[in-house]
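Visitor: Hello! Could you show me how to read some features of a protein model, one at a time?

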Amino acid sequence: MATVSFWGGVGITGSSKVLIEDQGWRVLLDMGLDRPQTDLYHHPVSPRPGQELHDRLKVGDAPWIPHLFRRDAVAGTGLAGNSDGKTAVFITHSHVDHIGLTGWIDPNIPIYAAPETARVRHALTVVGEAAKKDPSFELIFAEQVMLEGSPPHIIPMEEAHPVEFGPFQITRYLVDHDVPGASGYIVETASGRVAYTGDIRLHGRHPEWVKRFAEAAYGSEVLVIEGTTLGNKTRDTEHPVTEEQVDKTFTDIVEHTRGLMLITLRPRNIERIESFMRIAEKFGRQILWSKEFATFLEAYGLKVWRMDYSPAQLKKIQAHPERYIIQMWPRDIPWVMDLPVGKESVFIQADGDPKLTSPAGRSLQHWLQRYHIPLRTLGTRGHGSPEAIHKIVEWIRPNIVYPLHTHAPELLLPEPPTIRIVPEYGRRYPIG
């Protein structure tokens with residue numbers, strides 16, 4: 001009988017790993033880097049160089065799954081390394097809590113994902129290598145992209161075209177999240193179907209993708225769904241702003257700002273970046289990107305303009321501030337002393353760094369006050385509201401639903417006859 005087990009994301013948000021087994025064959029959905037059981041490794045504390053996976057396995061921060069990792073990376077742990085030819089990995093999207101441990105996977109194990117996910121992972125590798133060579137690369141960005149192990153080879157997987165692997169048939173469907181290529185999977189086993197949403201929402205740009213995935217997954221024996229916002233009683237989680245509304249707000253700000261614009265965004269939210277670039281161009285503005293951001297976006301395949309703070313570039317901006325939007329890291333904030341800023345300027349915090357509640361964010365606000373720069377915030381979550389999570393379960397109507405990637409799995413309350421089971425770490429549950 002086929003089974004499903006959970007090696008991350010149990011009782012926490014992040015580090016998702018869903019293992020489906022049948023007749024000695026394995027399909028692993030996601031391979032996230034996080035702390036499923038402990039909080040021992042948190043910046044600036046990190047595993048010992050050269051023993052990263054060994055250390056994570058020893059304290060329970062990596063999954064104890066045989067024939068998954070490179071033999072050299074698990075030497076001395078007692079865990080069987082190297083592929084036995086019966087494991088395949090499928091990644092839902094490129095956030096570190098879903099892809100971060102792929103660098104330790106044995107290179108003979110196939111890793112599948114959307115083409116966009118492969119492109120983002122390549123871009124992260126490019127930035128990580130650049131950060132190793134250039135100590136001046138922004139630390140915050142480097143921490144996000146410096147993934148452990150070796151860059152994995154990801155096989156681009158077409159949507160809605162099943163892959164046969166051992167006794168399994170695996171099909172990928174696009175879903176909506178705040179990173180390109182976000183996908184859900186349906187895994188056919190002899191005991192029944194397992195549907196896995198990855199990270200998902202209904203207030204993004206493509207709710208129709210989620211609906212299509214739900215239609216394909218309808219009646220599955222098992223549904224594994226993320227529940228990040230369960231238990232979060234805030235307006236942002238219960239009534240999230242749509243990405244369309246974010247675009248409208250940004251358009252309004254650009255249209256009515258006479259002076260220089262400054263902005264911070266999340267690097268992997270490519271669709272928002274592309275949309276903001278189109279809006280800026282419509283109103284005759286160029287977005288100038290830091291070297292870190294530009295390196296990432298260029299490696300992904302976008303054409304962008306760089307901000308280098310050279311005297312010649314500063315002179316152009318001072319002459320025509322109404323033509324530019326500058327993306328800034330916390331490191332760059334003191335440059336406002338040399339920029340043409342004031343009450344006719346604006347700083348837009350669009351879900352990027354620094355977070356306004358962090359020490360760097362408080363420092364940013366002091367700088368903005370000192371130079372009389374108005375602050376605007378806009379953005380929205382990458383995760384569906386509690387109502388959306390329940391709606392997706394209702395659309396799929398599985399026999400059993402396992403809430404993952406949440407601190408409050410017990411708050412998922414599906415309509416009968418669907419049964420909710422709060423999963424336990426590493427326990428194998430029968431399918432069908």
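Guide: Gladly, and we begin with a helix: in α1, the buried residues are Glu52, Leu53, His54, Asp55, Arg56 and Leu57. Buried means under 20% relative accessible area, exposed over 50%, and partly exposed in between (1.4 Å probe, protein chains only). This is a predicted model, in which local features need pLDDT of at least 70, side-chain atom pairs count only at pLDDT 80 or more, and totals for chains, interfaces and linings use all residues. Residues are numbered from 1 along each chain as its sequence is written, and side-chain values use heavy atoms, with hydrogens and water left out.

Visitor: How many residues of α1 are buried, and what follows the helix?

Guide: Helices (H or I, at least four residues) and strands (E, at least two) are DSSP runs, numbered from the N terminus. Helix α1 covers residues 52-59, and six of its eight residues are buried. After α1 comes glycine 60, with a positive phi near 85°.

Visitor: Where does leucine 356 lie?

Guide: Look in the loop between β16 (346-350) and α11 (359-370). Leucine 356 counts as partly exposed because its relative accessibility is 22%. Contact means heavy atoms within 4.5 Å. Leaving aside neighbours within four places in sequence, the contacts of leucine 356 include Gln349, Leu364 and Thr377. Leucine 356 and threonine 377 are 21 residues apart in sequence, and 9.5 Å apart in space from C-alpha to C-alpha.

Visitor: At what angle do α5 and α12 pack?

Guide: Axes are lines fitted to C-alpha atoms, for helices over the stretch in contact, and angles run from 0 to 180 degrees between N-to-C directions. Helix α5 (residues 207-217) packs at about 40° to helix α12 (residues 386-396), and their axes are 8 Å apart. That makes α5 oblique to α12, since angles under 35 degrees count as roughly parallel, over 145 as roughly antiparallel, 65 to 115 as roughly perpendicular and the rest as oblique. On the α5 side, Val210, Lys211, Phe213, Ala214 and Ala217 make the contact, and on the α12 side Ile392, Trp395 and Ile396 do.

Visitor: In which sense do β13 and β15 pair?

Guide: Two strands pair if DSSP finds at least two bridges between them. Strand β13 (residues 286-289) pairs with strand β15 (residues 324-327) in the parallel sense, over three bridges. Isoleucine 287 has isoleucine 325 in β15 as its bridge partner. With strand β14 (residues 305-306), β13 also pairs in the parallel sense, over two bridges. There, leucine 288 stands opposite tryptophan 305 of β14.
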